[in-house]
Amino acid sequence: MHAAFLAIAAFFLAPFVWLFTAAFDAHAQAYIRWPEQLTLDNFVQIFDRYAFATALQNSVFVAVSTMVLTVCVVSLAGYSLSRIELRHKAWITYAILLLQTMPLSATMVPIYGLARELGLRNSYLGLILIHSAIELPFLVWLMKGFFDSVPRHLEEAAWLDGRTKFRALFEIVLPVARPGIAVAAGLSFLSAWAEVLMVLILVDQQGMKTIPLAFYETFRTAGGYTEVQYGLVAAMGVLYVLPVMAVFFATRRLMVRGLMSSTRGL
Amino acid sequence: MWAFYTSFTNKALVGLDAARPRFVGLDNYQRLFSDPDFATVIFNSIVFVVGSAIVGQFVLGLLLAILLDHAERRRYRFASIAYAAVLLAWVNPTVIAAFLWVAMYDFFHGSLNTGLQALGSAPVDWLGQFPMLAVIVANIWRGTAFTMLIFLGALKTIPTDIYEAARVDGANAWRRFWDHTLPSLRPIAALALLSITMSTFGTFILIQTLTNGGPGIRTETIALYAFHEAFRSYAIGYGSTIAVVMLILNAAFAVLYLRWSRARA
């Protein structure tokens with residue numbers, strides 16, 4: 001049993017061990033080894049020569065804006081779907097779910113065409129809108145589930161007290177649904193932070209690059225196509241992956257529960 | 001909708017057709033289905049999905065869930081490390097996953113070949129000789145956590161008293177697993193299977209980064225094909241046609257998925 005778990009952990013961890021040792025290695029190789037010479041030089045170089053600061057700024061801005069926009073939209077949409085009586089509501093909720101199952105790679109060609117015609121290429125607005133749209137259907141569904149579990153009489157009592165529907169939502173319902181909002185915020189941030197395909201097709205200006213694009217390009221072109229600058233790319237990778245690990249492991253229980261509840265609700 | 005319309009035109013990114021796309025009816029569809037590459041691409045997609053989603057992520061995920069569920073009751077120390085490792089591989093951005101595996105597979109200095117040479121055998125050109133196997137393994141590494149989480153959740157909902165009863169009846173561990181655990185996992189298994197099939201079907205960045213569809217078109221799946229036609233050959237109209245075919249295939253999976261999940265509810 002112990003051997004089985006050790007083998008599993010080794011298989012899944014080995015690439016990360018390499019990533020973190022290579023990033024601090026003055027002469028990083030593609031294989032795992034303890035750095036002969038520990039150095040921060042790789043990190044200095046990516047900021048000096050590869051404009052990593054701009055990419056970092058862009059990524060943080062896009063991911064945070066996406067998170068804010070997504071949370072606002074999915075809270076309101078989820079609440080409406082949970083409370084308002086509509087004809088064919090089951091069909092609407094299933095249609096929303098159906099949208100989520102469409103792979104991005106199937107929609108990238110039409111998204112590219114639309115963005116070009118609407119002038120949304122190389123623009124923050126375009127990136128934020130498209131990144132919000134990616135996880136939107138799933139998160140609406142998730143929030144609907146959370147609101148369903150908030151008892152109706154809470155807000156009905158608030159209405160009787162003379163509050164408007166909006167005030168009742170903000171003061172009574174949203175605080176109760178806080179775990180749901182946290183999950184939605186975390187997931188939308190992570191998805192916008194990690195998404196690369198849309199950035200790849202929508203951005204070609206240097207100043208607009210986000211981390212995944214900078215990473216991808218350094219990896220593919222710095223040092224030519226034949227030789228990868230492993231140390232530099234690993235340093236970028238470390239900075240790119242650390243926030244993901246931090247967000248995910250800080251909220252791990254909540255996230256896993258949120259994901260599970262959503263799959264159970266399917 | 002834009003995709004549907006464009007798939008009927010000969011729109012291109014450059015040249016005369018870019019300025020004035022013409023309506024070409026079903027020409028793109030005819031071209032697609034008589035394209036010898038397209039048959040290979042479909043075949044590659046099927047191999048990739050069956051290998052990495054159905055055989056890999058599903059079986060390994062189920063196995064991991066059973067092991068971890070078992071370990072949780074006994075409190076094994078390494079189990080939680082293994083659990084965290086699987087999750088870590090899942091949450092990290094796809095470009096990172098792809099890059100890590102490029103380094104693992106590197107011919108001259110990659111961890112895999114360095115390991116092989118230390119054991120005294122010749123290095124293997126992973127991405128050149130076994131490109132499909134290489135992308136499948138990388139995708140298994142990245143995606144197994146999802147199935148594992150789903151089955152872990154499902155295993156927790158199985159009431160323990162049926163095991164007690166079976167034990168009293170003298171059923172051994174294997175019988176208990178075969179008669180009680182597996183049947184109660186069946187409904188969620190169907191959903192997990194379809195769901196990973198859909199997400200694997202759309203895999204793009206991982207393959208693009210690892211092999212770019214190559215060598216030749218040996219790992220070119222339908223997602224990469226749409227991208228390459230639309231952006232490398234600048235044939236947006238034709239690319240849209242491929243995208244529409246993808247969307248239709250995917251919608252078929254999705255409808256099946258909703259049917260099954262509603263039958264459960």
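What share of the contacts in chain B with a separation of 6 or more do residues 24 or more positions apart account for? The share is 69%. Two residues are in contact if their C-beta atoms, placed from the backbone, lie within 7 Å.

This is a predicted model, in which local features need pLDDT of at least 70, side-chain atom pairs count only at pLDDT 80 or more, and totals for chains, interfaces and linings use all residues. Residues are numbered from 1 along each chain as its sequence is written, while chains are lettered from A and ligands numbered from 1 in the order in which they are written.

**View 1. Chain A is built from helices.** Chain A has 13 helices and 0 strands. Helices are DSSP runs of H or I with at least four residues, strands are runs of E with at least two, and both are numbered from the N terminus. The pattern along the sequence of chain A is α-α-α-α-α-α-α-α-α-α-α-α-α. Its C-alpha trace spans about 70 × 55 × 30 Å along the principal axes. Of the 266 residues in chain A, 42% are buried. A residue is buried if 20 or more other C-beta atoms lie within 10 Å of its own, exposed if 12 or fewer, and partly exposed in between; these C-beta atoms are placed from the backbone. Among contacts in chain A between residues at least 6 apart in sequence, 74% join residues at least 24 apart.

**View 2. Chain B is also shown with its helices.** Chain B has 14 helices and 0 strands. Buried residues account for 45% of its 265 residues.

**View 3. Confidence along chain B.** The pLDDT, the predictor's confidence in each residue from 0 to 100, averages 78 in chain B. At least 70 is reached by 86% of the residues. Over residues 4–20 of chain B the pLDDT is below 50. Beyond near neighbours in sequence, that stretch has 39 contacts in the model. The model scores ipTM 0.80 and pTM 0.82.

**View 4. Where chain B touches chain A.** Here 57 residues of chain B are in contact with 54 residues of chain A. Helix H14 (residues 236–264) of chain B gives the largest share of the chain B side, 11 residues. That side divides into 43 nonpolar, 13 polar and 1 charged residues. Ala, Val, Leu, Ile, Met, Phe, Trp, Tyr, Cys and Pro count as nonpolar, Asp, Glu, Lys and Arg as charged, and the others, Gly among them, as polar.

**View 5. Helix H7 of chain B and its neighbours.** Helix H7 covers residues 111–118 of chain B. Its buried residues are B:Ser111, B:Leu112 and B:Asn113. They pack against helix H1 (2–23) of chain A, and against helix H6 (94–105) and helix H8 (126–129) of chain B. B:Gly120 follows H7(B), with a positive phi near 90 degrees.

**View 6. Helix H5 of chain B against H9(B).** Helix H5 (residues 77–91) of chain B packs with H9(B) at an angle of about 115 degrees, and their axes are 7 Å apart. Axes are lines fitted to C-alpha atoms, for helices over the stretch in contact, and angles run from 0 to 180 degrees between N-to-C directions. On the H5(B) side, the residues in contact are B:Val86, B:Leu87, B:Ala89 and B:Trp90. Their partners in H9(B) include B:Trp141, B:Phe146 and B:Met148. By class, this contact has 8 nonpolar, 2 polar and 1 charged residues.

**View 7. The largest nonpolar core.** A nonpolar core is a set of buried Ala, Val, Leu, Ile, Met, Phe, Trp, Tyr and Cys residues joined through C-beta atoms within 7 Å. The largest one has 152 residues, of which B:Val86, B:Leu210 and B:Ala226 touch the most other members. H9(B) gives the most to this core, with 15 residues. Not counting residues up to four places away in sequence, B:Leu210 touches B:Ala98, B:Trp101, B:Val102, B:Leu127, B:Ala134, B:Val135 and B:Ala138.

**View 8. Two partly exposed residues.** A:Asn122 sits in the loop between helix H5 (104–118) and helix H6 (124–148) of chain A. Its phi is near 50 degrees, a positive value in a residue other than glycine. A:Asn122 counts as partly exposed because it has 14 C-beta neighbours inside 10 Å. B:Leu67 lies in helix H4 (residues 36–74) of chain B. B:Leu67 is partly exposed, as 19 other C-beta atoms lie within 10 Å. The C-alpha atoms of B:Leu67 and B:Ala79 are separated by 8.4 Å.
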